[in-house]
Amino acid sequence: MKYVDAVTDISIADVKVDLMRTAYANDRALLNTFDPRVVLIWSVLFMIVPWLFYDPRPLAAMLAAAFVLAALSQVSKYLLALLLFGQLTNVGFFVVLVPLMGGVVEAVSYLSGNLDPGALGEAVPIVATALERGVSTALTNQEVGIDAVGAVVPFFLKLTIISVISLAVFSAMSPQKISKGLLRLGVPRQLTFAITYGYRMMPLLVEEYHSLINSFRLRSQVPEKQGLLRWRYFLYLLKLSAKAFYPLIFNVAKRARVTVEAMETKGFSHSLGDERSRELRTGGMRIAPRDVTFVSGSLLFVVALGVFL
Amino acid sequence: MSESSIVVEDLTFRYPGGDEPVLRDASLTLGSGAFTAIVGGNGSGKTTLCKTFNGLIPHFFEGAFDGRVTVGGVDTRDSDVAELSKTVGYVFQDFENQLVQSTVRDDVEFAPLNHGLDDYEERATRALETVGLADLGDRFVWELSGGQQHLVALAGVLAMDPDFVVVDEPAAQLDPQNARETYERLRWLHEERDTTIVVIEHHSEFIADYCDQMVLVSDGGVAWKEPVETGLNRLDDLLAHDIHPPQVTQIAADLPADRGTRSDGRYPVTVAEAAGAFPTPAASDRDPRAATDGGARGRSPVTNEDRTVAASQPSADGRGDPLITLDDVGHGYPTLREGYNQVLDGLDLSFYRGDRVALVGANGAGKSTLLRLLTGLESPDEGTVTVMGRDTAETLPEQLADDTVYIHQNPEEMFVEDTVRKDVAYYLRSRGAEGVDDRVDDILDYLDLEHLADRDGRLLSLGQQRRASLGIGLATDPSVVLLDEPTGSLDLQSRREVTGMLEKAESRVETVVVASHDLQLVAEWADRVLVMGDGDVLADASPETVFADPDLLAATGLRPPQVVELSDRFGLDAPVLTADGMVETLTEGR
């Protein structure tokens, strides 16, 4: 069962650490060195910019730039791989789906054109011809599918650019910086606190979820017959992972009871209306020349793409 | 420090929605400068009482509040929680959830920032220095050990420079070593900063070592407030509230005809007091060298060869093939900062039928890792682990669980259903066993869980949770029992239940492996002690041999039970391991 363990055990530890590193180790991340407000505004800007382009070439260049940024922000390779896999299979799916739909349409239209409700005896050859025409359409019209892909490529490029940029921003900036920036931009403190608290709790929840799944495993019975490619076994694991959310939610609710009491003793409610507390929290932020260079540089890059490509 | 005190007058409080008041006419004065322990049975109202000090009651829990609480002359009803918390700091029992920011420094700065204090950075620095975590300011809270997290929670409280610090059951969630560390910090605060300390504590040996007065809370009222030496001598009151007196005090009470009393007529409460008060054991029991060399130093140290000999004996005795073998096992985990952390390295071990094994060692020595490897939840990075003839790398944990049960150190992780009854039945039902209801009823009855059977395990008290987790384990009718810190909260109640469960299951159980910090459990129960450290086994021998080697215990940060310390002071050849044994040794002397 070594390969199962490779999936469920060792790699889980590795994936966990890799994700932790993405979310928490930001010391050397490029985006973390800029003023948080600048980065936040910049990322909103670049969520919009891709939609101003249609031609795939500048979009591809932008995507390449986004990947460079992601690399400088130490985004988890697992996350990037997952993202790419999702987008590529999405696009690839069109190559199959479009001719298939064409075949279905062909077959149905042939049927409705030729089938005479009065003469059921002739129905069998007509259906057979319809199927044949449908299948041959589906099998021979790959270029239609590829054309369809061509039509959606810009759309997927835009989505991917936005996803990679937001991954880069949120994995590079420390929670403190994000919430500091947001707070200064006027976002309510309750929300900025929720962000940092989420960061604080996430690793804990991951651990707890893992050990709950383990608890389930030690008390459950694996299906005796594992089936083709062990699908029954994997279905069983899938069911357990869904079941484990239920106790997890209860445990979280229980934790929250102490947390709200503790927040009260730490003067959280007091801080909501306290101007001095807000000033201290958001103090020390300064837009430096390098922030300006970063924003104007990336804008220039986009303008250049628009003009030359 | 300002001259202030906490005064509770005729306080009656009922939680919203509760039928019965939790506090009834409680009155208590805590003057400044004391180090007070608040004791009482489960549900006696200790925690509720302490939550009135910082105004959580009545401001956060708005129940029926009658009476008066003043802190430094201020009626708590006229103030609010945030304001009162500047004077009264509170470290919760569930301290992990008290930490609300992602990094250590942010969390300690949180309260001063909320109050808009300009010197929040200096305050945090000072508080972190006080608890000895100055170097860990940039760490994420979840990277720290439980003991360190507790100290961060304490630092978060100290950042406000409170006059009072209330710590709710530090020894319940921490292992003894970390609990002692916390107590040392509290003692420092008490002595150097004149902070008034209040701890809710079950563990009387900590009370004897650190506190100067104790308060017994019973049935929602304050039964008495006494100096610690007097309080710990009221054995009947303590036992009636499930608080176990220090081992030496119990021994003194069990010795015939007042032979254990001190010259001032009371029982000793610490080892040092006991050594002076108890009769010296008979000469025949004493190590001949002790008389000339003076105590333990005269004994020849246990060498590694001795330990190996002791360890190899069981297998040589013809106990048959080992049930569990670890062959050159190496295992570790990737970490965020330090790369791969090798926890076990080249470990060779065998467990035999009938073994009662105790795994001891400092935190991070690999005790829990070893147990997890035996469950098959993790496969070793190197080497092989064989349990009951099955290679764990080739077997699913579900299949290993046919014969093996693993009881998690945090019972909460074992509750997957919404009632205790369903949780106990889960294993049996998933395996389609027969007569499930009867067997579950038996177990619930045996562990005294019937009245809790239809409650959610998560909402029980820690002791009850532990009992329920034992029930879950017992239901699996195991051959190999793996227990991770079963007496985590160090109380004798849970120790009794653990040994009871093991006896109950004895008909089928073939090997028991317990990872524990609780050396009293180890001394009373184990017949083989594995001392772990540096990724390997440092010693593998009988409890007598391990406890006779103070250097070994010290190297692993373990503190022997009081009877062992006492044996050492008396210069006994072999340490006595139980309180009853010590009573016997001391009476034989006459």
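In strand E15 of chain B, Arg390(B) is the bridge partner of Val387(B). The model is predicted: local features need pLDDT of at least 70, side-chain atom pairs count only at pLDDT 80 or more, and totals for chains, interfaces and linings use all residues. Residues are numbered from 1 along each chain as its sequence is written, while chains are lettered from A and ligands numbered from 1 in the order in which they are written. Helices (H or I, at least four residues) and strands (E, at least two) are DSSP runs, numbered from the N terminus.

The pairing of E15(B) is with strand E14 (residues 382–387) of chain B. These two strands run antiparallel and are joined by 2 bridges. Two strands pair if DSSP finds at least two bridges between them. Contact requires that the C-beta atoms of two residues, placed from the backbone, lie within 7 Å. Axes are lines fitted to C-alpha atoms, for helices over the stretch in contact, and angles run from 0 to 180 degrees between N-to-C directions.

A second open sheet in chain B has 6 strands, in the order E16-E17-E18-E13-E19-E20, and its pairing is mixed. From one strand to the next, the twist averages 15°. Strand E13 (residues 356–361) of chain B runs parallel to strand E19 (residues 528–533) of chain B, and 5 bridges join them. Val357(B) stands opposite Arg528(B) in E19(B). H16(B) also lies across E13, E16, E17 (480–484), E18 (511–515) and E19 of chain B, running at about 150° to E17(B).

Helix packing was examined next. Two packed helices are described by the angle between their axes and the distance between the axes. Helix H6 (residues 146–158) and helix H8 (residues 176–192) of chain B pack at about 25°, with their axes 9 Å apart. H6(B) is therefore roughly parallel to H8(B) (angles under 35 degrees count as roughly parallel, over 145 as roughly antiparallel, 65 to 115 as roughly perpendicular and the rest as oblique). H6(B) contributes Gly146(B), Gly147(B), His150(B), Leu151(B) and Leu154(B) to the contact. H8(B) contributes Asn178(B), Glu181(B), Thr182(B) and Arg185(B).

Chain A is divided into domain 1 (1–173) and domain 2 (176–273), with bounds from an automatic or database domain assignment. Their centres, taken over C-alpha atoms, are 28 Å apart. The contact takes 9 residues from domain 1 and 11 residues from domain 2 of chain A. On the domain 1 side, H1(A) gives the most, with 4 residues.

Between the chains, the contact takes 53 residues from chain A and 54 residues from chain B. H8(A) supplies the largest share of the chain A side, 14 residues.
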